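Hi,

Here is the structure I promised to pass on.

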Amino acid sequence: MKDYKKHFILAAPPEEVYAALTNPATIQLWTGEVAEMSTAPGSEFALWEGSIVGKNLEFEQDKKIVQQWYFMDDEEEEEENPSIVTIKLHPSPKGTDVELKHVNIPDEAYEDIIAGWNEQYFGSLIDFYKD
C-alpha cells in the first residue's frame, strides 16, 4: 500500500470547486459523464461510469471532502486498510489551493491512480476553470 499527496491550484473560489466535486450536475459538466454523488455521510458514489466508486465519509461545506475508495474484491482486507481520499480546499490569491491526500492505494493500482489524479481528475478540473 502506498500514499500520495499533492497540491493543485484551481482558478475558482473554494465554493465553486466544492460544488464541482460534490454536485452531480456540476461533476457531469467537467467529466462529461453522469455521476452518482451525495453529500450525505455514508452514501455511496460512482464517477466516470463506475471506474471510481466508494463511500462518502465526511463533508465540511466548501472546505473538505473525505471518501473511501473501493479497489479490492476482498472486503475484509478493504475494511482493515481502507483507501481514504481527503481533499481540503483553501482560498488562494489564484482561486483555490487543493490539498489532496490519498492513503492506502494498492501497489498494483498506484501508477494508474496517480495518473488519474493528475490527468483526468484534477487535469480536467484545471482545464474546466481556465479562462
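This is a predicted model: local features need pLDDT of at least 70, side-chain atom pairs count only at pLDDT 80 or more; totals for chains, interfaces and linings use all residues.

Residues are numbered from 1 along each chain as its sequence is written, and side-chain values use heavy atoms, with hydrogens and water left out.

Helices (H or I, at least four residues) and strands (E, at least two) are DSSP runs, numbered from the N terminus. The 19 residues of α4 (residues 110-128) should span 27 Å at 1.5 Å a residue, and the end C-alpha atoms are 25 Å apart, which agrees. That expected span is 1.5 Å times one less than the number of residues.

Which residues of α4 are buried? They are Tyr110, Ile113, Ile114, Gly116, Trp117, Tyr121, Phe122, Gly123 and Leu125. Buried here means under 20% relative accessible area, exposed means over 50%, and partly exposed is in between (1.4 Å probe, protein chains only).

**Aromatic contacts**

Rings of Phe, Tyr and Trp (its six-membered ring) pair if their centres lie within 6.5 Å; planes under 30 degrees apart count as stacked, over 60 as edge-to-face and the rest as tilted. By this rule the count comes to 11 aromatic pairs. Phe8 and Phe122 are a stacked pair, because their ring centres are 4.3 Å apart and their planes are at 15°. This pair links distant parts of the chain, with Phe8 in strand β1 (residues 2-10) and Phe122 in helix α4, 114 residues apart. Phe8 counts as buried at 6% relative accessibility, and Phe122 does too, at 0%.

Trp48 and Tyr121 make a tilted pair, 5.6 Å centre to centre with 50° between the planes. Trp48 lies in the loop between β2 (44-47) and β3 (52-60) and Tyr121 in helix α4, so the pair ties together parts that are 73 residues apart in sequence. Trp48 also has a positive phi of about 50° although it is not a glycine, and it counts as buried at 18% relative accessibility.

Both pairs belong to one aromatic cluster, formed by Phe8, Trp30, Trp48, Trp69, Trp117, Tyr121 and Phe122. At Tyr110, the charged end of Lys2 sits over the ring, 4.9 Å from its centre; the rule asks for NZ of Lys or CZ of Arg within 6 Å of the ring centre and within 35 degrees of the ring normal.

**The largest pocket**

How much space lies in the largest pocket? About 220 Å³. A pocket is an open set of points on a 1 Å grid over the protein atoms alone, where a 1.4 Å probe fits, with protein on both sides within 12 Å along at least five of seven lines; lining residues have an atom within 4 Å of a point. Grid points are joined across faces, edges and corners, and the volume is the space filled by probe spheres set on the points.

The lining has 14 residues, of which Ser51, Ile52, Trp69, Ile113 and Gly116 lie nearest the centre. The largest share, 6 residues, comes from α4.

Cheers
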